[in-house]
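Please keep the sequence and the coordinates at hand while reading.

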Amino acid sequence: MPTSNPTRRELFNAAAALGIGSTTFHRALAVEIEMAQPAGGVTPEMVQNAEWVAGFTLTESQRKSVASSLNSTYRSIAAIHKVPIGNEVPPALHFVPNPGEPAAPRVERVNPRLDPFQPVYGPPVIVEDVGFNTVSQLSLLIRQKKASSTELTKMYLERLKKYDPALKCVVTLTEELALKQAKQADAEIAAGKVRGPLHGIPWGAKDLIAYPGYRTTWGAELYKDRVINEKATVAERLEQAGAVLAAKTTLGTLALGDIWFGGMTRNPWNVQQGSSGSSAG
């Protein structure tokens, strides 16, 4: 949970929003307030110290006005920081350009290529040959019954086992869960109960996406054994769509870069290089 005091960035933005002085002044004032963490609030003296750094001068009344405005912002930010926000609170996923107006009617578009009952042409595929196919291509293969979700899942699991020692791209292999989900997907598709284009498609969850029973490490040594027994919204929605969770994949420590507590995730095309991040795996 965030601390009760505003961060330097928040203080800088608040100072900049006043429309007084230069960027140097805003930065100096933000640092001055952060270092003091004033119990009695921002003072005109703090504003004057920032003036000296920036090389210009305000009047005493202007200093009092700046201090008063920042104190109001300071209190508002501190109050917001005290509001507990748990993992159950979803992020804002929708931008509404016309608040208050009724939503436009949704148009459902059906891709005839994804019709599970269309005629099947050609022999089954060799799953090892489709490892680099797109999701839409794999989806079509499943629906045309040229490959099963179980076959694809086993193929990707074997590839992860084979290449992970060199690439260090997996935090946790979710093999048991994946095979169970793939078997269920195959049974549903065989019965004509197709959930959509992601039904039966294996996927990897960046290891800041929580899934019950499995570690969620954020790539950090501090959290390497942590299990969050809540299902992240993205995992829940993909599961509802019939996707198959094959692995929790690597990310740089706290989603920065490609170095995590297990080492450096490697570029598969040049293992002398890191794979970059934060979605390293």
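The largest pocket in this predicted model holds about 850 Å³ of space. It is lined by 28 residues, and those closest to its centre are Y156, R159, L160, C169 and G281.

**Lining of the largest pocket**

- At least two lining residues come from each of α5 (135-143), α6 (149-167), β2, β3 and β6 (266-267).
- Helix α6 supplies the largest share of the lining, with five residues.

**The chain overall**

- The secondary structure consists of eight helices and seven strands.
- The chain has 281 residues, and 36% of them are buried.
- Of the contacts between residues at least 6 apart in sequence, 63% join residues at least 24 apart.

**Strand β3 and its partners**

- Strand β3 spans residues 244-249 and is mostly covered, as six of its six residues are buried.
- Strand β1, residues 170-173, pairs with β3 in the antiparallel sense, and three bridges connect the two.
- Within this part of the chain, L173 has A247 of β3 as its bridge partner.
- Strand β2, residues 202-206, runs parallel to β3 and is joined to it by five bridges.
- A205 has K248 of β3 as its bridge partner.
- Helix α8, residues 233-240, forms a right-handed β-α-β unit together with β2 and β3.
- Strands β2 and β3 also take part in the pocket, each with at least two residues in the lining.

**Q181 in helix α7**

- Q181 belongs to helix α7, which covers residues 175-190.
- Its relative accessible area is 11%, and the cut-off for a buried residue is under 20%, so Q181 is buried.
- Leaving out residues up to four places away in sequence, Q181 touches Y211, E239, A243, V244 and L245.
- Two of the elements described above meet Q181 here: E239 falls within helix α8, residues 233-240, and V244 and L245 fall within strand β3, residues 244-249.

**A220 in the loop between β2 and α8**

- A220 sits in the loop that links β2 and α8.
- With a relative accessible area of 5%, A220 is buried.
- Which residues does A220 contact, leaving aside its neighbours within four places in sequence? They are T253, L254 and F261.
- A220 and L254 are 34 residues apart along the chain, and their C-alpha atoms are separated by 6.1 Å.

**A255 in the loop between β3 and β4**

- A255 is in the loop between β3 and β4 (259-260).
- Although A255 is not a glycine, its phi is positive, at about 65°.
- Is A255 buried or partly exposed? Its relative accessibility is 27%, so A255 counts as partly exposed.

**N267 in strand β6**

- N267 is a residue of strand β6.
- N267 has a relative accessible area of 16% and is therefore buried.
- Apart from neighbours within four places in sequence, N267 is in contact with L167, Q273, G274 and S275.
- Strand β6, where N267 lies, is among the elements that supply at least two residues of the pocket lining.

**The segment after β7**

- S276 is found in the segment that follows β7.
- The phi of S276 is near 70°, which is a positive value in a residue other than glycine.
- S276 is partly exposed, with a relative accessible area of 44%.
- S278 is also found in the segment after β7 (270-274).
- The peptide bond that leads from G277 to S278 is cis, and its omega is near 20°.

Notes
Residues numbered from 1 in each chain as written. Predicted model: local features only at pLDDT ≥ 70, side-chain atom pairs only at ≥ 80, totals over all residues. Heavy atoms only, no water. Buried < 20%, exposed > 50% of the residue type's maximum accessible area, 1.4 Å probe, protein only. Helix = DSSP H or I, 4+ residues; strand = E, 2+ residues; numbered from the N terminus. Pairing = 2+ DSSP bridges. Right-handed = clockwise from strand over helix to strand, strands pointing away. Contact = heavy atoms within 4.5 Å. 1 Å grid on protein atoms, 1.4 Å probe; cavity = no way out; pocket = protein on both sides within 12 Å on 5 of 7 lines; lining within 4 Å. Points joined across faces, edges and corners; volume = space filled by probe spheres on them.
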